Amino acid sequence: QVQVVESGGGLVQAGGSLRLSCATSGRILSTSAMGWYRQAPGKQRELVAIVRRDGNTDYADSVKGRFTISRDNAKNAGYLQMDSLQPEDTAVYYCNAQGRSTYYTSFDSWGRGTQVTVSS
């Protein structure tokens, strides 16, 4: 079983920055993709950004140019640098990690989330 823990959330003023971290633990052979998702009150969870093992990334249109996703393959860790934050970025941010625990088993694990609140 693979555990995922997010950290780095908090309260920031509009225009400010935060850096979220995603740590994994457990039996991990390799991670194929790490993604950040967010869910605002009354809304569905949405993809914010994803980074694959080869470094390819995708971003939601709403965060392009402001957020940067990265990963450390050696640590099986992920990061989300969030700049120029706006009140509409307020949400609980979740990390998702996918990969293989062994050659025969895969994992798709979620963290419990970290709150990001942006005040105007």
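Visitor: How many salt bridges does a search of the whole structure find?

Guide: Bear in mind that this is a predicted model, where local features need pLDDT of at least 70, side-chain atom pairs count only at pLDDT 80 or more, and totals for chains, interfaces and linings use all residues. Residues are numbered from 1 along each chain as its sequence is written, and side-chain values use heavy atoms, with hydrogens and water left out. A salt bridge here is a side-chain nitrogen of Lys or Arg within 4 Å of a carboxyl oxygen of Asp or Glu. Searching the whole structure on that basis, the count is five.

Visitor: Which residue forms a salt bridge with R38?

Guide: R38 sits in strand β4 (residues 30-39), and its partner is in the loop between β8 and β9, so the pair ties together parts that are 51 residues apart in sequence. (Strands, E, at least two residues, are DSSP runs numbered from the N terminus.) The closest N and O atoms are 2.9 Å apart, and the partner is D89.

Visitor: D89 also forms a salt bridge with R66; is R66 buried or exposed?

Guide: The closest N and O atoms of D89 and R66 are 2.7 Å apart. Buried means under 20% relative accessible area, exposed over 50%, and partly exposed in between (1.4 Å probe, protein chains only). R66 has a relative accessible area of 16%, so R66 is buried.

Visitor: Which residues are linked in a network of salt bridges?

Guide: Two of the links are R38 with D89 and D89 with R66. E46 belongs to the network as well.

Visitor: How far apart are the sulfur atoms of C22 and C95?

Guide: A disulfide is a pair of cysteine sulfur atoms within 2.5 Å, and the whole structure has one. C22 lies in strand β3 (residues 18-26) and C95 in strand β9 (residues 91-100), so the pair ties together parts that are 73 residues apart in sequence. The sulfur atoms of C22 and C95 are 2.0 Å apart.

Visitor: In what order do the four strands form the open sheet?

Guide: Two strands pair if DSSP finds at least two bridges between them. β3 and β8 (residues 77-82) pair in the antiparallel sense over five bridges, and L20 has L80 in β8 as its bridge partner. The edge strands, each pairing on one side only, are β1 (2-7) and β7 (67-72). The order is β1-β3-β8-β7.
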